[in-house]
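Have the viewer open and follow along.

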Amino acid sequence: LARQDRGGVLGDFSVYICAGVAGNCAPSAKELSLIIESAGGSCIASLAKIEAAAGQLIVITNDPPTKTQQKESKKARGAHIRTTTWLFDVMTKQKLVLDDDTKGNTGKATRKRRTTSSLGKDKAPSKRARRNPTKG
């Protein structure tokens, strides 16, 4: 309900897309802008003209960020530095998580390996077993 009151998952936030993000394993600048605005956020073209309060600014970098993007994002003191992976995760889940403030978030999910029971029932078949199903 709070998300609806803000106008979307990014409502009340200004978003800056670092140079080199758009079109580089991400949608074009125009498409990114449309995505952000459809979620209630507003895109800003330059960090020099920051009008948003620091806590209301999100800076988007590549995943992982380039050195240039790291330098660029440091100009936005107090901003939430996030990656394109994080942005797309927010858009698909419609849930905004900014729990680690300005430390940055790679957005990478940690994968848990499948655990094996004492009987080995949950264990994935070995390469040998897949090649030759008659031998274990």
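What follows starts with the ground rules, then takes the sheet, the helices and the loops in turn.

This is a predicted model, so local features are reported at pLDDT of at least 70 and side-chain atom pairs count only at pLDDT 80 or more, while totals for chains, interfaces and linings use all residues. Residues are numbered from 1 along each chain as its sequence is written, and side-chain values use heavy atoms, with hydrogens and water left out.

Start with the big picture. The protein chain has 5 helices and 4 strands, where helices (H or I, at least four residues) and strands (E, at least two) are DSSP runs numbered from the N terminus. Reading from the N terminus, the order of elements is α-β-α-β-β-α-β-α-α. Of the 136 residues in the protein chain, 29% are buried; buried means under 20% relative accessible area, exposed means over 50%, and partly exposed is in between (1.4 Å probe, protein chains only). The protein chain exposes about 9,500 Å², with carbon and sulfur atoms supplying 51% of that area. Those areas come from the Shrake-Rupley method with a 1.4 Å probe, and for residues only the protein chains shown count as cover. As for contacts (heavy atoms within 4.5 Å), take those between residues at least 6 apart in sequence: 57% of them join residues at least 24 apart.

The 4 strands form an open sheet in the order 2-1-3-4, and the pairing is parallel. Its edge strands are strand 2 (42-44) and strand 4, each of which pairs on one side only. From one strand to the next, the twist averages 35°. Two strands count as paired if DSSP finds at least two bridges between them; strand 1 and strand 3 pair in the parallel sense over 4 bridges. If you want one to click on, Ser14 has Leu57 in strand 3 as its bridge partner.

Next, the helices around that sheet. Helix 2 (residues 29-38) lies across strand 1 and strand 2, running at about 140° to strand 2. For that angle, axes are lines fitted to C-alpha atoms, for helices over the stretch in contact, and angles run from 0 to 180 degrees between N-to-C directions.

Helix 3 (residues 67-74) has Gln69, Glu72 and Ser73 as its buried residues. Looking down the axis of helix 3, these fall within an arc of 95°, so they line one face of the helix. The arc here is that of the directions from the helix axis to the C-beta atoms. An α-helix has 3.6 residues a turn, so residues three or four places apart point the same way. What do the buried residues of helix 3 pack against? They pack against strand 1 (14-17), strand 3 (57-61) and strand 4 (80-83). On the other side of helix 3, the exposed residues are Lys67, Lys71 and Lys74.

Helix 4 (residues 84-93) can be read in a similar way. Its buried residues are Thr84, Trp86, Leu87, Val90 and Met91. These cover an arc of only 160° around the axis, which puts them on the same side of helix 4. That buried set packs against helix 2, strand 3 and strand 4. Turned away from the buried side of helix 4 are the exposed residues Thr92 and Lys93. Just after helix 4, Gln94 takes a positive phi of about 55°.

The loops have some backbone details to check too. Asp12, in the loop between helix 1 (2-6) and strand 1, has a positive phi of about 70° although it is not a glycine. Asp12 counts as exposed, at 52% relative accessibility.

Is Cys25 buried or exposed? Cys25 counts as exposed, at 78% relative accessibility, whereas Cys18 is buried, with a relative accessible area of 2%. The structure holds 0 disulfides, a disulfide being a pair of cysteine sulfur atoms within 2.5 Å.

Finish in the loop between strand 3 and helix 3, where Asp63 lies. Pro64 is in that loop as well, and a cis peptide bond joins Asp63 and Pro64, with omega about 5°. Asp63 is partly exposed, with a relative accessible area of 23%. Asp63 and Val21 are 42 residues apart in sequence and 9.1 Å apart in space, C-alpha to C-alpha.
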